[in-house]
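User: I have a structure to go through with you. Could you take my questions as they come?
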Amino acid sequence: CIDEFDKMEESDRTAIHEVMEQQTISIAKAGITTTLNARTSILAAANPAFGRYDKKRSPEININLPAALLSRFDLLFVLVDTPNLDNDIALARHIAFVHQNLKHPELDFEPFSSDLLRAYIAEARTYEPVIPSTLADYIVGCYVSMRKQSLDENGQYDSKKIVGTPRALLSILRLAQALARIRFSNVVNQSDVAEAMRLMKEAKHSTLQREDIEREYEDEISRIFGAVRE
């Protein structure tokens, strides 16, 4: 887990490129030169470049990080602090309760224990899911469709959208395999791929404005009618 990802030094950013691309890290210190495995997941949080995320700008400009580094993440979600009366009241009451009582409020459900979660994750890691050849065409179709959605109405690259690079295809495979591990299965099925695509679509929608999202679901007739009306 990396916090303040946007404030990393340039040397650290250069080093993390190798970790995320090749799952290795090169060390050259005290006369020792070696390469170690770095097979781990990275969860990073960054602040927008202008204090608040502007959905009218491209993700690269908002986050102020190299596009080559952003493309190495499987999922990229934008969390926008939108004022909401009910949510603001609930959050303020929660913080006030914790400050006064030094503990969280009583829960209305029984949470899973940390020991159970550790055991579940350890068991899931023992599985090595494979992707059957029957899913090849379906995965290729999903990837091509995702690339097509990155274009605007004129068939040009839309800078406000996150474009699915060839690395996105590897992201689909990794997410599908992870979902199969959650099911304790050694075979990836179509529902795993569909869920991976849904996660990537929700990540993309988090960077768009509401009207842009609604426009994606319009059919051709509705788009023509809207253009004529304007």
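User: Let us begin with tyrosine 127. Does it count as buried or exposed?
Analyst: Tyrosine 127 counts as buried, because its relative accessibility is 18% and the cut-off for buried is under 20%. Please keep in mind that this is a predicted model.

User: Which ring does tyrosine 127 pair with, and in what geometry?
Analyst: Tyrosine 127 forms an aromatic pair with phenylalanine 184. The pair is stacked, with 5.5 Å centre to centre and 5° between the planes.

User: Where in the chain are the two partners?
Analyst: Tyrosine 127 is in the loop between helix 5 (114-124) and helix 6 (136-148), and phenylalanine 184 is in the loop between helix 7 and helix 8 (190-205). The pair links distant parts of the chain, 57 residues apart.

User: Which residues make up the ring cluster there?
Analyst: Tyr120, Tyr127 and Phe184 are linked into a cluster by ring pairs.

User: And what is the accessibility of phenylalanine 184?
Analyst: The relative accessibility of phenylalanine 184 is 32%, so this residue counts as partly exposed. Its backbone deserves a remark as well: phi is positive, about 60°, although the residue is not a glycine.

User: Which surface patch includes Phe184?
Analyst: Phe184 belongs to a nonpolar patch on the surface with Tyr120, Ile121 and Ile182. Together they have about 350 Å² of accessible area.

User: Where is isoleucine 182, and how accessible is it?
Analyst: Isoleucine 182 is found in helix 7, which covers residues 166-182. Its relative accessible area is 47%, so isoleucine 182 is partly exposed.

User: Back to the rings. How many aromatic pairs are there?
Analyst: The count comes to 3 aromatic pairs. One of them joins phenylalanine 5 and phenylalanine 73 edge-to-face, at 5.6 Å centre to centre and 90° between the planes.

User: Why does that pair tie together separate parts of the sequence?
Analyst: Phenylalanine 5 lies in the segment before helix 1 (10-22), whereas phenylalanine 73 lies in the loop between helix 3 and helix 4, so the pair ties together parts that are 68 residues apart in sequence.

User: Are those two buried or exposed?
Analyst: Phenylalanine 5 and phenylalanine 73 are both buried.

User: What about glutamate 4 and its backbone?
Analyst: Glutamate 4 has a phi near 50°, a positive value in a residue other than glycine. Glutamate 4 is placed in the segment before helix 1, and it is partly exposed because its relative accessible area is 32%.

User: New topic: where does serine 71 lie, and which residues does it touch?
Analyst: Serine 71 lies in the loop between helix 3 (67-70) and helix 4 (85-101). Leaving aside its neighbours within four places in sequence, serine 71 is in contact with Thr165 and Arg167. A polar contact of 2.8 Å joins the side chains of serine 71 and arginine 167.

User: Last one. What can you tell me about valine 98 in helix 4?
Analyst: Valine 98, a residue of helix 4, has a relative accessibility of 29% and therefore counts as partly exposed. Apart from neighbours within four places in sequence, valine 98 is in contact with Lys103, His104 and Pro105.

Notes:
Residues are numbered from 1 along each chain as its sequence is written. This is a predicted model: local features need pLDDT of at least 70, side-chain atom pairs count only at pLDDT 80 or more; totals for chains, interfaces and linings use all residues. Side-chain values use heavy atoms; hydrogens and water are left out. Helices (H or I, at least four residues) and strands (E, at least two) are DSSP runs, numbered from the N terminus. A polar contact is a pair of N or O atoms within 3.5 Å; within protein, one must be able to donate a hydrogen and the other to accept it, and residues adjacent in sequence count only if both atoms are side-chain atoms. Contact means heavy atoms within 4.5 Å. Patches are made of residues with over 30% relative accessible area and no salt bridge: like charges are joined within 9 Å, nonpolar side chains (Val, Leu, Ile, Met, Phe, Trp, Tyr) within 5 Å. Accessible areas come from the Shrake-Rupley method with a 1.4 Å probe; for residues, only the protein chains shown count as cover. A salt bridge is a side-chain nitrogen of Lys or Arg within 4 Å of a carboxyl oxygen of Asp or Glu. Buried means under 20% relative accessible area, exposed over 50%, partly exposed in between (1.4 Å probe, protein chains only). Rings of Phe, Tyr and Trp (its six-membered ring) pair if their centres lie within 6.5 Å; planes under 30 degrees apart count as stacked, over 60 as edge-to-face and the rest as tilted.
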